[in-house]
Amino acid sequence: MAEATDRPEVHLRMLVPDDAEWVVATDRASATALAREHGWETGKLAAELDEGVWASDDRWAWAVVVDGDPGGFTLVTGLDQPDAEMTVRISPKVRGRGVGREVLRQLADHHFSSNPALNRLTGRAHERNIPMQRVFNAAGFRMEARYRDSFVQPDGNYASEWGYALTRADWELGRHRSGGHGYDLHGLTLELDEVSEGPHMPGLLIRFLQENRRVIARYDADTLLDGELAGILTGDLLRYRFVHTEELADGDSREVTGRGRARIQRREDGRLEIVDQWSDERGQHGRWVLVQPLSEVAGDS
Ligand SMILES: CC(C)(COP(=O)(O)OP(=O)(O)OC[C@H]1O[C@@H](n2cnc3c(N)ncnc32)[C@H](O)[C@@H]1OP(=O)(O)O)[C@@H](O)C(=O)NCCC(=O)NCCS
């Protein structure tokens with residue numbers, strides 16, 4: 001979790017031929033199974049930068065400067081069309097500190113103001129690329145498409161990607177800088193920290209997905225299977241319905257449905273915490289606190 005005090009100074013500048021060497025090195029270092037290398041060769045990239053291939057009417061390459069040093073790069077193609085597409089690579093050593101989302105905000109400011117014909121800034125994230133999905137959300141981009149089998153993985157199998165876009169109207173409304181909808185649970189896993197009322201639920205783990213205000217989650221515990229939850233987040237309050245299968249002591253099982261209200265807040269150490277009050281259709285109820293495991297926060301990207 002990037003904290004406000006920890007935010008580095010980020011700016012974009014045009015790439016020049018002398019940048020080719022670190023760009024190629026950063027490209028190799030930042031490639032993952034979810035975002036492949038561009039496969040550049042230093043001399044060829046330097047020549048392209050010299051010839052202006054990456055500063056033209058249809059494409060632009062930016063150096064991402066983080067606290068004065070090169071920290072990654074971002075490319076925009078299709079600038080001569082109403083829909084331009086961006087990609088970004090941030091060096092592993094500066095990830096998880098808010099650089100990615102600031103890059104998208106600055107890209108939007110630059111390209112929408114300097115290119116009046118541009119109507120949409122788009123991008124894609126591998127379906128399991130949670131950091132990039134969170135970056136798009138934080139910079140006001142909306143998820144609007146699923147491209148099935150569009151990404152060839154290192155093992156030759158296909159994966160799907162999510163398509164995101166920020167429109168000119170979004171940009172004019174300042175959505176790229178508004179912090180979106182507040183809390184973002186997308187891709188986070190929370191575990192049970194404390195039960196203040198009701199039954200204990202050892203082993204409870206909840207995995208969230210979020211798109212704008214819509215939140216869904218899957219959960220399991222030692223004696224609870226196939227939990228599904230769906231709700232709407234308003235400010236810091238998630239109102240939801242749930243259904244799961246409870247395993248009984250006699251080996252039997254039963255389906256349980258119910259509803260709950262969960263209040264989201266951030267702890268001093270930066271972890272998200274949820275104070276949850278729930279009740280089921282048989283009148284059972286409980287109140288507990290869930291929190292992001294420390295390992296998940298420390299192990300960013
Ligand atoms: C994706 C990428 C650009 C993000 O850059 P970044 O500077 O780390 O981005 P930010 O710090 O602004 O945001 C990353 C978010 O992901 C979160 N995150 C990181 N790892 C996570 C994980 N394993 N599970 C859940 N969230 C995770 C961070 O906590 C942060 O969220 P938050 O601060 O809103 O809580 C960078 O990781 C990267 O270059 N990856 C390799 C290339 C790539 O995937 N590019 C995208 C395809 S175009």
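So, what span does α3 reach from its first C-alpha to its last, and what is expected at 1.5 Å a residue? Its 16 residues reach 22 Å, close to the 22 Å expected, where the expected span is 1.5 Å times one less than the number of residues. By helix I mean a DSSP run of H or I with at least four residues, and by strand a run of E with at least two, numbered from the N terminus.

Okay, some housekeeping. This is a predicted model, so to speak: local features need pLDDT of at least 70, side-chain atom pairs count only at pLDDT 80 or more, and totals for chains, interfaces and linings use all residues. Residues are numbered from 1 along each chain as its sequence is written.

Back to α3. Its buried residues are V99, G100, R101, E102, V103, L104, L107, A108 and F112. Buried takes 20 or more other C-beta atoms within 10 Å of the residue's own, exposed 12 or fewer, partly exposed is in between, and C-beta atoms are placed from the backbone.

Two of those, V99 and G100, also turn up at the ligand: with A35, R95 and P131 they come nearest among the 31 residues around it. Near here is a C-beta atom, placed from the backbone, within 6 Å of the molecule. β4 (83–90), α3 (99–114), β5 (120–126) and α4 (130–138) each supply at least two residues of that shell, and α4 gives the most, with six. By class we get 14 nonpolar, ten polar and seven charged. Nonpolar is Ala, Val, Leu, Ile, Met, Phe, Trp, Tyr, Cys and Pro; charged is Asp, Glu, Lys and Arg; the others, Gly among them, are polar.

Zooming out, the protein is divided into domain 1 (4–177) and domain 2 (189–298), with bounds from an automatic or database domain assignment. Their centres, taken over C-alpha atoms, are 35 Å apart.

Now the barrel. Eight strands close up in the order β8-β9-β10-β11-β12-β13-β14-β15, with antiparallel pairing; a pair needs at least two bridges in DSSP. β9 and β10 pair over seven bridges, and E211 has R214 in β10 as its bridge partner.

In the loop between β9 (205–211) and β10 (214–221) sits N212. It's not a glycine, yet its phi is positive, about 55 degrees. N212 is partly exposed, with 13 other C-beta atoms within 10 Å.

D67 also has a positive phi, near 50 degrees, and lies in the loop between β2 (59–66) and β3 (69–77). D67 is exposed, with 11 other C-beta atoms within 10 Å.
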